[in-house]
Protein chains: 4
Amino acid sequence: MGMIGGGKDAFIGAIHRIAANMDGQIELVCGALSMHPEIAQESGRLLFLPEDRIYNTYDELFKAEAQKPADERMDFVTIVTPNFAHFAPAMQALENGFNVVIEKPITFTLEEAQQLKAKVDETGLLLLLTHTYSGYPMVKEAKQIIKSGKLGKVRKIYVEYIQGWLSRLSEREEGNAGAAWRTDPKKSGKSGCMGDIGTHAAHLAEYISGLKITELNASLNIVVDGRMLDDDGAVLLRFEEGATGTLIASQVAAGEENALKIRVYGEEGSLEWAQMEPNTLTLKWIDKPAETLRAGSNYAGRLSTYATSNCRTPGGHPEGYLEAFGNLYRNFALTLSAKIAGEEPKAEWLDFPSVEDGIRGMAFINNVVASNGSNEKWTKYTI
Amino acid sequence: MGMIGGGKDAFIGAIHRIAANMDGQIELVCGALSMHPEIAQESGRLLFLPEDRIYNTYDELFKAEAQKPADERMDFVTIVTPNFAHFAPAMQALENGFNVVIEKPITFTLEEAQQLKAKVDETGLLLLLTHTYSGYPMVKEAKQIIKSGKLGKVRKIYVEYIQGWLSRLSEREEGNAGAAWRTDPKKSGKSGCMGDIGTHAAHLAEYISGLKITELNASLNIVVDGRMLDDDGAVLLRFEEGATGTLIASQVAAGEENALKIRVYGEEGSLEWAQMEPNTLTLKWIDKPAETLRAGSNYAGRLSTYATSNCRTPGGHPEGYLEAFGNLYRNFALTLSAKIAGEEPKAEWLDFPSVEDGIRGMAFINNVVASNGSNEKWTKYTI
Amino acid sequence: MGMIGGGKDAFIGAIHRIAANMDGQIELVCGALSMHPEIAQESGRLLFLPEDRIYNTYDELFKAEAQKPADERMDFVTIVTPNFAHFAPAMQALENGFNVVIEKPITFTLEEAQQLKAKVDETGLLLLLTHTYSGYPMVKEAKQIIKSGKLGKVRKIYVEYIQGWLSRLSEREEGNAGAAWRTDPKKSGKSGCMGDIGTHAAHLAEYISGLKITELNASLNIVVDGRMLDDDGAVLLRFEEGATGTLIASQVAAGEENALKIRVYGEEGSLEWAQMEPNTLTLKWIDKPAETLRAGSNYAGRLSTYATSNCRTPGGHPEGYLEAFGNLYRNFALTLSAKIAGEEPKAEWLDFPSVEDGIRGMAFINNVVASNGSNEKWTKYTI
Amino acid sequence: MGMIGGGKDAFIGAIHRIAANMDGQIELVCGALSMHPEIAQESGRLLFLPEDRIYNTYDELFKAEAQKPADERMDFVTIVTPNFAHFAPAMQALENGFNVVIEKPITFTLEEAQQLKAKVDETGLLLLLTHTYSGYPMVKEAKQIIKSGKLGKVRKIYVEYIQGWLSRLSEREEGNAGAAWRTDPKKSGKSGCMGDIGTHAAHLAEYISGLKITELNASLNIVVDGRMLDDDGAVLLRFEEGATGTLIASQVAAGEENALKIRVYGEEGSLEWAQMEPNTLTLKWIDKPAETLRAGSNYAGRLSTYATSNCRTPGGHPEGYLEAFGNLYRNFALTLSAKIAGEEPKAEWLDFPSVEDGIRGMAFINNVVASNGSNEKWTKYTI
């Protein structure tokens, strides 16, 4: 694996490396780790990269790697730059025959995402979009439970993603780099909070329920004076097949950490999952006691292979965010290995977020922003 | 105390009697407990009422009680009939000089509520509206914390009230009387779920935050085929002073019991309270660890007298719904006793829901139904 | 009902009155509420007792009440004096033909408890010992589950009762009357913490499991300097049929409220109940997901009538300590009414703690104190 | 790093590799992964080891690695064989100049552990004993809080470690290899449950409190018929400075996963930590509301550097068991790197379990088994 962005002080780059390292199947072999050559060089050395594979730009990286023999060059590249700088390296990667891992949101605009999809379709290469939360085993179990029909037809979906870390004007007052680019429309895109975390919530809702959003009624807020993008919002949702729901996202919910939570209600029962205690999935029933499913358990085969194949430890040994992230990488890598070996990847491995999810993420942002600007109650979800 | 409605088999009547009984300061002395004379008589006997104070109609009750000397007649009357039958007995009570306790929603229409308020103002009598949830000590503490400014200016309010008991068409299939009248527009009013439980949620939000709703954007659903009133809905809210929020209410959330929960976010921190574990109030802060306040504790005087005076047991001996209900009655009775004795009631006693809250409840229903019927995103909250 | 002790500032007397009042079936009609005549008189007036039934001593009370006609005199008397003053009035009550409710521990010594049992057997009168915690519906459900064999043979019982209110030398420093008599061997008996709360824990373990303690290995501590009785201790337990367990009790666990909790493990699964969230009973299984049973629910008949008949509200409307206490009184009163009416009481009503439980409580204290004083590891539990 | 044991189906070997891999600072370079040559070879290939560094025995491994130049040979070796096979390779490693990572319990007997300590002292090499649970950031925070004196003098320690996975005779009925050797005295040692998990609990109690056990009163049980070693037990504990406590361990607690939990009570407050939700540390106080500390947070510098330096993600992105394990490896590796570089390691890095902890673990087993076999209540803890 190669990496673009993710130099020494970048939070998300380090997370990607831990996730990729975790299972001992992926090795970081090269990188263009910063747009600042000194940082790129220093970061590369800290990561024990060979001197000649520490690149100063991604142009250099693609050129050099593409010229290596197939068994020496990187198999894929991970792009962990700010949003505005996703598209160009991703296209270049695909054009040079490299598979791609990319942070969400996939691009800066929907149009770019669509171009990327066209290129993916054309090249047949793999693209992993790191919607981390769908890598949790109990999220996968939730999806399978809905799919099985055990809860009956889905009626309601409540999803919320609540953080407090932008409760103050951190982007200016504290010189917080992560806050700065995320709240800057030139780097982040047309939405702040909804783009950064609302898209995760929307993805989770569609992923678990298997239903797509068809209409929405959004209201965005800039709560902290002086901020340039929304830091809070709520959306009423209509889904396929008549389900309805709400999506709440906030980055100014003082005191909250990273409270992503989803509840899905069917005719016969419901499920509830919260990211901050991710190893537990609660099922509630009309006529039976609530049940608690736990990652790492199996219950004599009751849990699906989608859950069990994404656990590394037995029940009661908690796995967390990094393992969920690792699951994305592992499934991507297993799929890639199978492909390289000319074998059929398992369905469980293929279950990672792709360029299609990236397009829906960009469309979600567009539709939410459009609805927020409209006096009409409901906006049709369009792509 | 006298009682209108609440004959044997009526759920809420029994609850009112337990709540009133609890502290040994209120005695049930008479009743017109059912519109069916035999049930009225039988119910009265089961409650050890004297034969001559078991009435068959509330007309009889008011006539007979009003003629008794002041120290013999009932001090107040509790009305626990279905919604459509609140107004007439309440008016008659006030006209006959009796204080009134009344189940929410206060009346069938906003106009009736306003007439009731006029009569209350004219007579100077007391009216208690049983928004039970504001009787919990930690709800009272929450209100005082917001009022104190410790959390800073309020920015966000999330309130939700989720039940599952109407997940099936219970009003027809199972001969469930409570379900039947609650889903019948002729008995319940123009809203089902929002009238029955949405009003509780709205009251709680306004009570704790001290802010009134100014605009709303509502969407109601009839989820179960064949039902005549909304059984589900969501409302985006705007409050005074720039706060925003969401209100979710559902009676078709399969597997949920009575999940009323509120979160209020200020500039410096937030609070969270959930009715199903009512003795706990959680405070979260930007720069400090979260704190857990517990009913029955005092923390060397840190809890307000509004909380401590509404507890009966020390910390760790859980109080529940009936005690919260009992607090409404106790505060009402203490205020009434003070008034009778010509003394000034304490501020803590006066802190019970009144006819003004009833008017806001009716207006909430009206505004939600209006917004639901409108294509415009936002509807101004009017009374 | 009459009451001995429980004058105006006594905590537990007020609790008994709320519990007895709750269901409108029991009325306080007389009392000897304090050993100080002025307090007895004042307390009686505050409780609206008729002047001629406010007694200054329990001798007076029994003499006067016994002379009244059967339909006027009290049906039973509640004794809520400190431990050392339980026996004499209880004997006198029984000798005068009155049924008895008594706070635990039943007496000051085991011998007194045995005499009381002999008198109960002789007179055929009823005695209720207020081990409150066995009045919770989910405790009753737990007992029925064990009895049903669903968990298989019981192997392990862990019970703990942890409080922090005696973390300081409150009996002297703060003039705390409750602390003072509880830590005084002349008023409380030969054990402090184990007598006050250890007995509750032991009762709960035996009640739920249906197994009696046969051997124990105890270690008691006086943690706070200057205290005269144990304020902390732990006991290893052996039960009938080969089960083993531990009992932990402490009143110096700083920061704890009233943390009574029990876990019972069988061959196939286990149950867990904690008093501070009493409406929930958790079942865990070897091969199935854990289940959460909730008071007020029924699950299409799955909960036993022992649980359902001890609930007043539907699921999600929490009941608490006072309702559990009320259940003891209600079941006692229903049994008494049936007896008076010459009818057979239901098994559910008879399920209240009796004089036999009182004897085991006193024996538990004796055995724990004996074991604590012995160098031998195991002490046979003797009565 | 090299590895002895941990072939392809061994659970704990895989865990060690994930933990070591996690931060990209440690690379597996060689191994003698199984006593069966074919498995050793196959396992090595699956892990991408160079052919010439896949050894069939640890003798071969040490001989070959020791002959390599310093910058090529492995820096340390990890021993993950069953208990009885720890000592010999560990001694050989030290004698050949290799640092050692070793699974607990450190050896088969106390005597071996003492010999190992002598060799560690003699060689000055590093030894890491993987008491994983002390690698959790909130466990480290707990230790620092106690050390700071904020809770006052420690009075009580309750520690419990409860599992259910040996509720059936799995060692025979299901051909479970892990169950088989753990319950075989020839492979596991003189204690089963207490050796396997009781030692973790004892280590955690001593680590957090900073107090050593001085006396104990133990009772062990073989609950499942046919088992050869204890599968359950409880120990009353006395610690230095007058603190007392209890330790409960069970592997037959049907339905439990891996429930390690500790509570420590001081004069002013207490702390509580549970491994199954490891990112939370609860503090309770006599006169203040309980506080919840969360891993990944900092609270404006309130958390110690021992906690913060052992987190990889911000608050609300849960870390788990593998990260705790990774912390042991990371601190060990950082200490080793510092040593190699001739620098002083930070105190935070040095905070990993060592040979001294291994000796206490073996002594704990000895003392518990001795106490269990004695009729005397208390056994002095001796080494």
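Domain bounds here come from an automatic or database domain assignment. For chain A that assignment gives domain 1 (2-129) and domain 2 (137-314 + 358-372). The C-alpha centres of domain 1 of chain A and domain 2 of chain A are 27 Å apart.

The model is predicted: local features need pLDDT of at least 70, side-chain atom pairs count only at pLDDT 80 or more, and totals for chains, interfaces and linings use all residues. Residues are numbered from 1 along each chain as its sequence is written, while chains are lettered from A and ligands numbered from 1 in the order in which they are written.

Now the contact between the domains. Two residues are in contact if their C-beta atoms, placed from the backbone, lie within 7 Å. Domain 1 of chain A puts in 15 residues, and domain 2 of chain A puts in 15 residues. On the domain 1 side, helix α5 (residues 110-123) of chain A supplies the largest share, 4 residues. Helices (H or I, at least four residues) and strands (E, at least two) are DSSP runs, numbered from the N terminus. By class, that side of domain 1 of chain A has 9 nonpolar, 4 polar and 2 charged residues. Ala, Val, Leu, Ile, Met, Phe, Trp, Tyr, Cys and Pro count as nonpolar; Asp, Glu, Lys and Arg as charged; the others, Gly among them, as polar.

Step back to the whole chain. Chain A has 14 helices and 14 strands. Its C-alpha atoms fill a box of roughly 65 × 55 × 40 Å along the principal axes. Of contacts in chain A between residues at least 6 apart in sequence, 68% join residues at least 24 apart.
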